[in-house]
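Please look at the sequence and the 3D structure together, and keep both in view while you read the paragraphs that follow.

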Amino acid sequence: MATKKTTVPTSPTFDKELFKRSVLYNVRTLYRKTMEEATPQQIFQAVAYAVKDQIVENWMETQKQYEKKDPKTVYYLSMEFLMGRALGNDLINMQAYDQVKDALEELGVDINMVEDQEPDAALGNGGLGRLAACFLDSLATLGYSAYGCGIRYRYGMFKQKIVDGFQVEVPDNWLVDGNPLELRRPEYAKEVKFGGYVSVYQDEIGRSHFRQEGYQSVTAIPYDMPIVGYGNGIVNTLRIWDAQPVECFQLDSFDKGDYHKAVEQENLARNIVEVLYPNDNHYAGKELRLKQQYFFISASVQEAIAKYMRSHNDIRQFHEKVTFQLNDTHPTVAVAELMRILMDEYFLTWDEAWKVTTQTCAYTNHTIMSEALEKWPIELFSRLLPRIYQIVEEINRRFVLEIEKKYPGNQEKVRKMAIIYDGQVKMAHLAIAAGYSVNGVARLHTEILKNQELRDFYEMMPEKFNNKTNGITQRRFLLHGNPLLAEWVTAHVGADWITDLPKIKKLAVYADDKKAQHEFLNIKYQNKVRLAEYILEHNGIEVDPRSIFDVQVKRLHEYKRQLLNILHIMYLYNELKENPDMDFYPRTFIFGAKAAAGYKNAKLTIKLINSVADVVNNDDSIHGKIKVVFIENYRVSNAEWIFAAADVSEQISTASKEASGTGNMKFMLNGAITLGTMDGANVEIVEEVGKENAFIFGLSSDEVINYENNGGYDPMEIFNSDPDIRKVLMQLINGTYAADTELFRDLYNSLLNTLSTSKADTYFILKDFKSYAQAQREVEKAYRDEIGWARSAILNIAHSGKFTSDRTIQQYVDEIWHLDKVTLPKKRTVKKSAE
């Protein structure tokens, strides 16, 4: 691959000679080797430590300024942070990428080789975690005091292997060589308690106090990762918590032969931080998930309060300097944990603690899928977190009184809105009742929340609800991920877009410029060649960079409808087999997705995609006109290459089901054209770029909701009346793509449900099929017009300005958090001397 050239301003304070000496010193002292003798991984470690040395200076200065100016701080609490590789992104934001590249070349090292040695940090999985990562980047770049708080997972969710077409989950051992870009901070360790019971005692004035006793506990140890702001010297912190036993090894138990008890505490701690989203289709998995959530929340809230009290006296003013943003329902236990600390450790009254809590916690809802709104069995919750459950119970009691006061005699309202009901603790209800803000993540999503899923809450407390359409950081997904296009954009409109993406709109005047169109198409072709080489190396499949690269990469879920995509590919293949001489523009269909380990139909869809690929890719009679590729272990680092190479961005979720999506924005920024439904942020993308520069199909969200509420859709009618669809579905069970005719029976049944009276085709795949096929024909027709396609692609880039996470964060700041911007003093310029 060609070495990146960033064509962006370079840091005047970066000392290249000092950096080179530091790398050589690190190789020598860490590994007792010269550069020539060191392995690629050792060189990466040496480079990363040298870069961290330069980051730490700004990190310390940032904290010094924060201490001096005492700005309000947001703690972004999230189960996931899908950070990707850190080194290249840090260098981009330090404005030192080109200088480091040059320094390494002088040492005989290729920077691409160095970057490729870094594993993606296995701290997240999907859009929720990637959004959190983009937000941290924007907070630092905009100069706001912020901490990201999460878990230091040892193995992530899993590393995906494809074996015989099936997904196989293996541990993602990203820490096997250590993480040179983190700092262990044992001085901020916190104890987190589970189980036991709550005792009550009276103080001298007769007031009741509560104490958790008979508990097990673990020690939470923070590891800090630097979050470098672009070009401003600000370095914020991602604080991820590792778990360690309070007592490491009980030698007396071991000596007595009780080997299990000897390591019991160690196992408790290790299990908490082992994996992201342990399978929760059994009781032990549910218990572990709840432990994980409380573990990182308790540690983060404890430290946030301790940090505040190191420079303030009155805990009652905590909310004036701190806000907690709950990234979906996973961190909602922060509400009760904050109440616990305020009452049990700082002895505030309930009303005093509630006043602070309800001005500190804000909630982001990321889904309208009811199964994703977490609910915990009372038995599990109260046993594992006895004091927390007492507090939630009291919050619920008081909230129900509010509901009854607002809606006298209306038990239906209580049933729908209570935090504890039907033996469950409902975390979204807790977040809404206690939060001072409730936001959706795209305009359509927020309207559906207000009018459908959370309607009762909206009617009772409309002032809490607001929308914050998601965004992405252009610094990773264009400047770092697509250097050829970034250089071209900068050459045409200047470099301001790097921190002010709406400035990219100036590119629109080049959409009709023939020279610019050909330059864009050439860049896209080079990026397709780069991805084709990756596919050949990793999949052994030869794909034509001149074909249409039609891409769907995202978490695998039935509502995202990867199944619709692969069924349509089967349909196209049938057409080619029946009409070998038909006029057909070659297509390469690219998938990338992980399915949750316990999600049977999602995993079966992966197998179907690979089974279709095996048949289609090896059929010489179609002359390579269709190729199907499933990219193993989809992650941030290969996503950057995929976005850069895509022609078509598949955003085909069932309308009303996708909260926002951010992949759609990354594709748009890289000049891919959206093929999608009017769902999530697609609606706003089409508003920005114009319907003529996208391919829209399918039911509207209103139509989907109407069918769901009132019925009237029978997929069997389509099956019976449409021979093309019937043929495709029969191929799922007639051996066309698997010798075992029952292998894909569950997918077949999910669409037609011939064995059950329950609802079939829940996500309207067959209903939207013909509309999707027509949209795909329009894609092919448009792509044949090379100049017209280039025009639309350039306009997509030019109109992507709204979708920067910088804009999203500024809206959070202005409308929810009310933070103060911090700037660092100017540093001296490094003299260009011969020293």
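Is Asn 670 buried or exposed? Asn 670 is buried, since its relative accessible area is 1%, where buried means under 20% relative accessible area, exposed means over 50%, and partly exposed is in between, with a 1.4 Å probe and protein chains only. This is a predicted model, in which local features need pLDDT of at least 70 and side-chain atom pairs count only at pLDDT 80 or more, while totals for chains, interfaces and linings use all residues. Residues are numbered from 1 along each chain as its sequence is written, and side-chain values use heavy atoms, with hydrogens and water left out.

Once its neighbours within four places in sequence are set aside, Asn 670 is in contact with residues including Phe 477, Leu 478, Asn 482, Lys 524 and Ile 797, contact meaning heavy atoms within 4.5 Å. The side chains of Asn 670 and Asn 482 are also joined by a polar contact of 2.8 Å, which is a pair of N or O atoms within 3.5 Å; within protein, one must be able to donate a hydrogen and the other to accept it, and residues adjacent in sequence count only if both atoms are side-chain atoms.

Arg 561 is buried, at 0% relative accessibility, and its phi is near 65°, a positive value in a residue other than glycine.
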